[in-house]
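Colleague: Before we look at anything in detail, could you take me through how you would read a sheet and then a pair of aromatic rings?

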Amino acid sequence: MTNRYDALIIGGGHNGLVCAFYLAKAGMKVRVLERRDIVGGACVTEEFHPGFRNSTASYTVSLLRPKVIADMKLHDRGFRIIERTISNFFPFADTYLKLGGGAARTEAEFARFSQKDADAYKHYDAALEKVAQVLRDIALQTPPNAGGGARSLMLAAQQGWPLAKMDLAAQRDLLDIFTKSARDFLDGWFEHDYVKTAFGFDAVVGNYAGVSTPGSAYVLLHHVFGEVNGKMGAWGHSVGGMGAITTAMAAACAEYGVEISLECPVDKVLVNNGKATGVKLASGEELYAPIVAANVGPAMLFRQMVDASDLDPDFNRRIKGYKTGSGTFRMNVALSELPSFTVLPGKDKAEHHTAGIIIAPGMDYMDQAFTDAKAQGWSKKPIIEIKLPSTVDDSLAPPGQHIASLFCQQFAPELPPKKNGSPQSWDDVREKVADLIIDTVNDHAPNFKAAVLGRQIHSPLDLERKFGLIGGDIFHGQMGLDQLYGARPVLGNGDYRSPIKGLYMCGSGTHPGGGVTGAPGHNAAAEIIRDRSVVWKALHRAR
Ligand SMILES: Cc1cc2nc3c(=O)[nH]c(=O)nc-3n(C[C@H](O)[C@H](O)[C@H](O)COP(=O)(O)OP(=O)(O)OC[C@H]3O[C@@H](n4cnc5c(N)ncnc54)[C@H](O)[C@@H]3O)c2cc1C
């Protein structure tokens, strides 16, 4: 086997595969180097208990760009999304709220709590959709790069024009979303706490923050810029789990001759005179290529794989300060029966079982979860989203039995020391915290605990060890204004190029950030191809 390639990709997550696909399609000889024994990174399906399979990390799909789906012919390769009748079900202490199922239905549901909120809903939805469209439009575009010269000015003008054209109300909404807390933003629209909660929940998903934390409104927006089968803002289930997406992507790569090596961890990026020349594998083997694209996050790439001496001190300082840690705890559970909720009893499959079931009864509950996590490392009453994929997909659990994804927010990336001052690790408390999560679900669905046949726990530390997510950050870095768009990961390197020539970034630590979008992989490949054609033209002229 040769050790020379046109491009090497560090990591076989979905963005690494997307990047590899476009590069190979452009005629390059590409090899993907994946540490695990499975492709897909955080977008995989795995058996977690004998006979029970699930999407073990990411679990629901919306943000994947339609262009990427079409270019990689994912539908021809087995990718299929099932839409849910309603998006979310919120059990509260004395009642419940169902969100989704069309505007008329949502309005009627809100009217049970507040007619004013029901009337405001369509205006809120239209306003959010206008701003989400801006995000949709720029997701597959390279951000203008600070100090990037004429092309960056052109990109800034191109991408700024739709904003300049927006009416004043939309510009005000945009400003609010980028600067306000979710609570302040929602207070401006709605009066009832349950209605605000139904939207506010999105602001704390993958965001180690409360709904009152400034900037949290943006994360709310990040969760609505997607679409499912042409329906804007919808989320759906990938049949066969999220791994079906990356299996299809790997097949698309194979068609263009991409070599994918599993159990092939990269140790270092090889750099000579400020230029990437290849990688050194953990096995000691060296592979060479003029282009290296890192699908791993910026924290791992620049803190672990590139020698600090190959980067300037200012860049090193900024990468040291790059914020990771989404505060997420993720469990997969095998169930003998479906949960029966106190506020909506029944173990037979019903509409609400097919939705995202959100244990976050109130805006104060969500703020308190964050306050607790900062003080003791996790919340006494955690925020939990439950999805029961086996209610819409019978390929994942044995007949009559079920699986649950439990996606839980506000779990400190690193735990505070114990009372006696000694350090505390997630390994010390993961079982105890998993029990608390199960008990919290049980408080709302009293048959849940007894139905658990097996469980898989991913604490923030497990997410780091298993999926290579530094600080357990599900997005490869926090999604605050200081780490978005042209400032993701660092201002001046927001265009997928690192400070080292030939070393690119193609993962979620670049614009437009985390989620199964395929956008960073797509955009990075476009920049690599662009740089390569400039070099080729220069060589051609020199001959
Ligand atoms: C628990 C969880 C829940 C989520 N839920 C959702 C969701 O429901 N919907 C959604 O859209 N998004 C969700 N996300 C976010 C989304 O899954 C990620 O943002 C996205 O999958 C990241 O893709 P990526 O290709 O950029 O990086 P990754 O998937 O992280 O890929 C990086 C790859 O690099 C590999 N790697 C690491 N170290 C090395 C090394 N030394 N050598 C070689 N390879 C290495 C890793 O194994 C991995 O395969 C979730 C994420 C997590 C973790």
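Colleague: Which residue is the bridge partner of V292 in strand 21?

Modeller: Strands of a sheet pair through backbone hydrogen bonds, either parallel or antiparallel. In this predicted model, V292 has L503 of strand 21 as its bridge partner, and strand 15, residues 291-294, pairs with strand 21 in the parallel sense over 3 bridges. Helix 11, residues 298-305, packs on the sheet and touches strand 1, strand 15 and strand 21, its direction making about 150° with that of strand 21.

Colleague: In what order do the strands of the open sheet stand, and which of them stand at the edges?

Modeller: The order of the 5 strands is 11-2-1-15-21, with parallel pairing. Strand 11 (259-261) and strand 21 (503-505) each have a single partner strand, so one side of each is left without a neighbour in the sheet. From one strand to the next, the twist averages 20°.

Colleague: And how should I read the aromatic pairs?

Modeller: A pair of aromatic rings is described by the distance of the centres and the angle of the planes. The whole structure holds 24 aromatic pairs; one of them, F89 with Y96, is tilted, at 5.5 Å centre to centre and 50° between the planes.

Colleague: Is F89 buried or exposed?

Modeller: F89 counts as buried because its relative accessibility is 0%, whereas Y96, at 21%, counts as partly exposed. R112 lies over the face of Y96, 5.5 Å from the ring centre.

Key:
Residues numbered from 1 in each chain as written. Predicted model: local features only at pLDDT ≥ 70, side-chain atom pairs only at ≥ 80, totals over all residues. Heavy atoms only, no water. Pairing = 2+ DSSP bridges. Helix = DSSP H or I, 4+ residues; strand = E, 2+ residues; numbered from the N terminus. Axes fitted to C-alpha atoms, helices over the stretch in contact; angles between N-to-C directions. Contact = heavy atoms within 4.5 Å. Phe/Tyr/Trp six-rings, centres within 6.5 Å; stacked < 30°, edge-to-face > 60°. Buried < 20%, exposed > 50% of the residue type's maximum accessible area, 1.4 Å probe, protein only. Lys NZ or Arg CZ within 6 Å of the ring centre and 35° of its normal.
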